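The sequence and structure are shown first.

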2 protein chains.
Amino acid sequence: MSQQDRRIEVSEAAWRVIVREGLDRTSIRAIARELDCTTGVVTHYFRDKQELILFALNQVTENLKQAMQKVAEKPLSIERLVEMLCTFSPLDIKRQEILKVWVAFLGYAVGRESLMVEHQTSAGQLREVIMQELVALQSAKIIREDIDTGMEANVLLALVNGIALDSLIQKQRLNPQQQKIVIRRYINGISI
Amino acid sequence: MSQQDRRIEVSEAAWRVIVREGLDRTSIRAIARELDCTTGVVTHYFRDKQELILFALNQVTENLKQAMQKVAEKPLSIERLVEMLCTFSPLDIKRQEILKVWVAFLGYAVGRESLMVEHQTSAGQLREVIMQELVALQSAKIIREDIDTGMEANVLLALVNGIALDSLIQKQRLNPQQQKIVIRRYINGISI
DNA sequence: AATACCTCATAACAGTTGTTATGTAAACTA
DNA sequence: TAGTTTACATAACAACTGTTATGAGGTATT
């Protein structure tokens with residue numbers, strides 16, 4: 001097993017602790033316990049805790065980007081955009097956990113400007129992908145010519161992020177089917 | 001000054017520390033420093049830290065509810081719904097700080113089921129208000145009859161929450177004017 | 001005027017934290 | 001096979017945490 005793979009293992013153990021016990025209780029010792037090892041493992045693969053946190057956060061982004069990449073292989077269509085956006089929706093347990101980890105990190109970034117910039121960087125990348133998708137759809141005359149692709153990318157991401165949050169904070173939440181319907185309906189609104 | 005007022009003072013000091021340094025660094029000692037007092041003040045007005053956290057979180061909800069209450073005094077109209085929803089938008093510094101505190105608490109609630117339930121309770125109340133607004137507008141034949149007010153309340157809150165998050169995580173973010181336009185445009189889509 | 005209470009300061013407590021140094025087998029390298 | 005690096009385990013460190021007890025000075029009550 002390569003060093004990089006082992007780092008990912010440690011990072012995933014950190015994820016599990018975060019989801020189960022909360023980010024502030026995710027100590028180096030707790031991660032080691034989750035790995036059924038001692039703290040020596042963690043300190044061996046990460047210089048300090050900040051490096052571990054940053055790595056784990058980047059793993060979240062990496063997961064999302066890969067999922068979107070996979071969808072991007074399909075032929076251009078409205079449906080492809082819908083599926084791309086649904087990448088963010090907590091439709092299965094894996095994505096629910098990613099969402100929780102992401103929310104925990106975002107809350108942790110409040111009052112830590114450098115961490116918030118990390119979030120902004122990854123969010124900016126996702127915005128870029130959606131925007132390019134909109135531009136392509138616009139060129140193909142599938143969506144209206146008069147929409148501002150930059151702004152619309154923000155709105156679409158805001159909508160899917162909001163829907164994702166809804167699944168966390170609402171007891172009477174949108175079910176997976178409704179989530180898809182809402183996104184599809186919104187996109188229909190900007191289609192020709 | 002009443003006991004309740006003093007509790008609010010402590011809570012607001014906690015807010016400032018959270019926004020400036022992060023929730024996990026908001027220790028009782030840090031709050032006391034912010035108040036320019038000793039920890040005696042904090043421990044006198046709150047049994048323990050959990051009670052303080054819960055109080056500070058409820059203050060966030062209280063702030064939002066009061067702002068919405070104020071809007072609710074105006075006559076029923078599409079514009080009133082827009083303004084209600086804009087209550088959540090970080091249009092000024094005060095609301096930006098409330099948003100940050102809220103996000104910090106939400107992240108803190110990951111892995112703490114009881115705290116997450118608190119979030120769900122307050123989010124549920126806000127959903128109820130928006131839903132009643134939709135029902136009233138529907139009765140007044142201002143918005144379409146065929147929309148599901150329950151689901152639409154979720155979507156509207158998801159949209160404004162998403163827009164609020166956008167202001168935190170996007171560098172190329174929606175400006176306040178665009179935020180209002182987006183909300184208004186969406187509501188026009190469900191109007192007659 | 002005596003008593004009780006409210007408001008806060010101070011200090012000590014044990015527990016947890018990240019960090020660091022040191023030890024030790026196993027695996028690789030020469 | 002001797003030497004070096006890798007992959008951990010172990011332990012000690014100071015700093016910080018929430019909690020609690022004690023006390024002191026002011027204010028209100030009787």
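## Domains of chain A

Chain A is divided into domain 1 (1–46) and domain 2 (48–189), with bounds that come from an automatic or database domain assignment. The model is predicted: local features need pLDDT of at least 70, side-chain atom pairs count only at pLDDT 80 or more, and totals for chains, interfaces and linings use all residues. Residues are numbered from 1 along each chain as its sequence is written, while chains are lettered from A and ligands numbered from 1 in the order in which they are written.

Taken over C-alpha atoms, the centres of the two domains of chain A are 26 Å apart. Their contact takes 11 residues from domain 1 and 12 residues from domain 2, two residues being in contact if their C-beta atoms, placed from the backbone, lie within 7 Å. On the domain 1 side, α1(A) gives the most, with 7 residues. That side divides into 9 nonpolar, 1 polar and 1 charged residue. Here Ala, Val, Leu, Ile, Met, Phe, Trp, Tyr, Cys and Pro count as nonpolar, Asp, Glu, Lys and Arg as charged, and the others, Gly among them, as polar.

## Fold of chain A

Chain A has 9 helices and 0 strands; these are DSSP runs numbered from the N terminus, helices being H or I with at least four residues and strands E with at least two. The C-alpha atoms of the chain fill a box of roughly 60 × 35 × 35 Å along the principal axes.

Of the 192 residues in chain A, 39% are buried, that is, 20 or more other C-beta atoms lie within 10 Å of their own, with C-beta atoms placed from the backbone. Among contacts in chain A with a separation of 6 or more, 58% join residues 24 or more positions apart.

## Surface near DNA strand C

DNA strand C is surrounded by 18 residues, the closest being A:S27, A:D48, B:C37, B:T38 and B:G40; a residue is near a strand if its C-beta atom, placed from the backbone, lies within 6 Å of it. Two or more residues come from each of α2 (28–35), α3 and α4 (49–72) of chain A and from α1 (3–21) and α3 of chain B. The most, 4 residues, are given by α3(B). By class, this surface has 4 nonpolar, 9 polar and 5 charged residues.

## Surface near DNA strand D

Around DNA strand D there are 18 residues, and the closest are A:T38, A:G40, B:S27, B:D48 and B:K49. The largest share of this surface, 4 residues, comes from α3(A). Its residues divide into 4 nonpolar, 9 polar and 5 charged.

Note on methods. Buried ≥ 20, exposed ≤ 12 C-beta atoms within 10 Å, placed from the backbone.
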